[in-house]
Amino acid sequence: MAGEDVVLMKGNEAIARAAINFGVDAYFGYPITPQSEVLETLAELKPWETTGMVVVQAESELAAINMVYGGAGTGKMCMTSSSSPGVSLKQEGISYIAGAELPCLIVNVMRGGPGLGTIQPSQADYFQTVKGGGHGDYRLIALAPASVQEMADFVGLAFDLAFKYRNPAIIIADGVIGQMMEKVVLPKPRRRLTDEEVLARCPWAANGRAKGRKPNIITSLELDPSIMEQRNIHLQKKYAEIEENEVRYEEIECEDAEYLIVAFGSCARIGLKAVEEARAQGIKVGLLRPITIWPFPSKAIKARAQQVKGILALELNAGQMIEDIKLAVECKIPVEHFGRLGGIVPDPDEVVAALKEKLIK
Amino acid sequence: MKHEIIIAGFGGQGVLSMGKILAYSGLMEDKEVTWMPAYGPEQRGGTANVTVIVSDERISSPILSQYDIAIILNQPSLAKFEGKIKPGGILIYDGYGIIEPPTRKDIQVYRIDAMDEATERGIAKTFNMMVLGGLLKLCPVVSIESVLKALKKTLPERHHHLIPLNEEAIHIGMDIIKKVE
């Protein structure tokens with residue numbers, strides 16, 4: 001990376017700037033640490049004066065997600081962001097959006113819970129993100145950035161996937177990635193889609209009564225269970241297609257690895273340093289980083305399970321992703337968990353110590 | 001070359017902004033940089049710290065177990081970070097904030113009385129730049145030219161007239177830093 005295009009900024013700021021550059025139509029949010037810089041940056045840059053992007057500080061998280069629901073129903077690119085307690089408040093709306101099959105972006109810069117918890121980093125919303133959160137059989141396309149660059153890149157990727165599958169997408173970051181400053185190259189600025197372009201892309205959009213066209217109805221309600229079952233079957237088919245096509249992950253130092261650390265987001269960065277330290281001590285360990293935590297890279301992990309003697313699930317929670325790893329390897333090799341809780345972030349030495357204690361012995 | 005640095009002190013001492021200037025200076029030299037603050041309630045008067053990494057290569061973790069360089073501006077931070085400096089590493093402390101000096105013998109310890117100096121000269125706000133100057137004398141993590149470029153880039157234009165004062169502070173810092181034997 002070199003040249004004038006390289007800038008230094010926080011992950012939260014990168015989200016906001018990338019959204020403007022990508023031509024997002026609307027942001028609806030409510031401030032909460034550690035993601036407030038998303039809304040702050042948007043307010044500072046006033047994109048409504050340049051690209052025409054709407055930015056609203058809603059009266060609450062509930063209002064914000066339902067504004068997203070309304071905006072997304074018109075085929076516009078709409079997003080919201082929050083941190084754990086705020087994302088909990090949004091769950092009803094998220095379930096409705098998934099049920100109505102609307103594309104949108106939700107950003108969760110996680111903090112320690114449960115409850116109001118703490119403002120420090122955490123990954124304890126893994127279950128909430130990939131196992132539901134809201135009610136009903138639905139899935140979110142969940143991207144987990146591990147750098148400020150990925151915070152910027154995943155805004156566009158999330159919207160592309162959301163529109164491709166008519167499904168909400170979520171960027172699942174944490175306080176480390178949101179608050180850290182790193183080098184980043186932002187996406188090239190582009191204009192927002194015109195109303196005609198939006199309609200061409202989203203023939204399902206509720207854009208007002210058009211002459212001669214049947215009304216488009218956006219709803220998650222269907223009282224006839226036989227129709228509702230068909231709708232669910234359709235959703236499941238779509239999710240299977242996403243699982244088939246959209247799994248993303250990164251493998252580092254895995255070729256000769258005897259042990260594997262699986263970690264996403266900030267933990268993948270700490271895990272990578274732990275890999276460096278462990279290898280300096282002669283321990284052959286690699287890192288597998290799920291970039292999508294749903295769809296989960298089960299096949300890749302299963303494949304590595306043929307080769308390694310054990311897996312360490314490194315996550316800032318009490319053991320959530322480890323369940324998906326165990327399912328992936330069908331319990332054929334030992335899978336252990338290491339994490340700190342409630343906003344404490346482990347340092348790389350602790351990870352190496354845990355690797356030795358729990359797996360190598 | 002990689003420099004793994006912790007800067008720690010009280011909230012309001014310019015700990016985070018010193019780190020930011022260092023990170024921006026690294027950016028000016030096309031280096032890889034990370035700036036990771038402890039972003040808790042520290043801003044309201046508790047202890048504040050920031051980890052800055054400036055490297056020629058890709059940086060793995062922004063969170064570290066050990067540091068090459070520790071810049072310590074108050075007693076609680078010394079207690080927290082003295083033990084986390086790599087053997088042979090550098091510890092810089094400000095004499096004003098430290099009553100019980102560091103005790104480790106396997107690291108290089110330097111003292112800078114930047115708070116006293118800055119207060120005496122009536123330029124207390126340049127305190128952190130003096131400390132930065134002290135660091136740059138011992139270990140040229142980045143060049144002074146890059147620091148000045150970074151200041152120009154990060155300060156709003158209405159504050160650009162303060163850049164010469166900051167440059168002076170860097171040079172004062174370079175003069176007053178002393179090795180503790």
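1. Chain A holds 14 helices and 14 strands. Both kinds of element are DSSP runs numbered from the N terminus: helices are H or I with at least four residues, strands are E with at least two. The model is predicted, so local features need pLDDT of at least 70 and side-chain atom pairs count only at pLDDT 80 or more, while totals for chains, interfaces and linings use all residues. Residues are numbered from 1 along each chain as its sequence is written, and chains are lettered from A and ligands numbered from 1 in the order in which they are written.

2. Overall dimensions of chain A. The C-alpha atoms fill a box of roughly 70 × 55 × 35 Å along the principal axes. The radius of gyration of chain A is 21 Å, which agrees with the value near 21 Å for a compact globule of 361 residues. That radius is taken over C-alpha atoms, and the globule rule is 2.2 Å times the number of residues to the power 0.38.

3. Burial and contacts. Of the 361 residues in chain A, 53% are buried. Buried means 20 or more other C-beta atoms within 10 Å of the residue's own; exposed means 12 or fewer, and partly exposed lies in between, with C-beta atoms placed from the backbone. Among contacts in chain A with a separation of 6 or more, 78% link residues 24 or more positions apart. A contact needs two C-beta atoms, placed from the backbone, to lie within 7 Å.

4. Strand β10(A) (residues 259-262). Both of its faces are covered. Tyr259(A) and Ile261(A) are buried on one side, Leu260(A) and Val262(A) on the other. β10(A) runs parallel to β11(A) (residues 285-290), with four bridges between them. Strands count as paired if DSSP finds at least two bridges between them. Val262(A) has Leu288(A) as its bridge partner in β11(A). β10(A) also pairs with β13(A), again parallel and over four bridges. There, Tyr259(A) stands opposite Gly310(A).

5. Strand β13(A) (residues 310-314). Four of its five residues are buried, so β13(A) is largely enclosed by the rest of the structure. Four bridges also join β13(A) to β14(A) (residues 335-338), in the parallel sense. Leu314(A) has Phe338(A) as its partner in β14(A). From β13(A) the chain crosses through helix α13(A) (residues 321-329) to β14(A), in a right-handed β-α-β crossover. Right-handed means that, with the strands pointing away from the viewer, the path from the first strand over the helix to the second runs clockwise.

6. Helix α11(A) (residues 266-280). This helix makes a right-handed β-α-β unit with β10(A) and β11(A). α11(A) has 15 residues and reaches 22 Å from first C-alpha to last, close to the 21 Å expected at 1.5 Å a residue. The expected span is 1.5 Å times one less than the number of residues. Twelve of the 15 residues are buried. Among them are Cys267(A), Ile270(A), Leu272(A) and Val275(A), but also Arg269(A), Lys273(A) and Glu277(A). Just after the helix, Gly282(A) takes a positive phi of about 90 degrees.

7. Ala146(A). This residue sits in the loop between β6 (141-143) and α7 (148-165) of chain A. Ala146(A) counts as buried because it has 24 C-beta neighbours inside 10 Å. Leaving aside neighbours within four places in sequence, its contacts are Ile177(A), Gly265(A), Ser266(A), Ala268(A), Arg269(A) and Arg289(A). Ser266(A), Ala268(A) and Arg269(A) are also buried residues of α11(A).

8. Helix α2(A) (residues 36-45). The buried residues here include Glu37(A), Val38(A), Leu39(A), Thr41(A) and Leu42(A). Their cover includes α1 (11-22) and the strands β1 (6-10), β2 (26-29), β3 (54-57), β4 (78-82) and β5 (104-110) of chain A. Just after α2(A), Lys46(A) takes a positive phi of about 45 degrees.

9. Contact between chains A and B. Chain B supplies 18 residues and chain A 22. On the chain B side, α1 (15-28) and β2 (32-37) each supply at least two residues. β2(B) gives the most, with six. By class, that side has eleven nonpolar, five polar and two charged residues. Here Ala, Val, Leu, Ile, Met, Phe, Trp, Tyr, Cys and Pro count as nonpolar, Asp, Glu, Lys and Arg as charged, and the others, Gly among them, as polar.

10. β8(A) (residues 181-185) and β2(B) run antiparallel, joined by two bridges. Met181(A) stands opposite Trp35(B) in β2(B).
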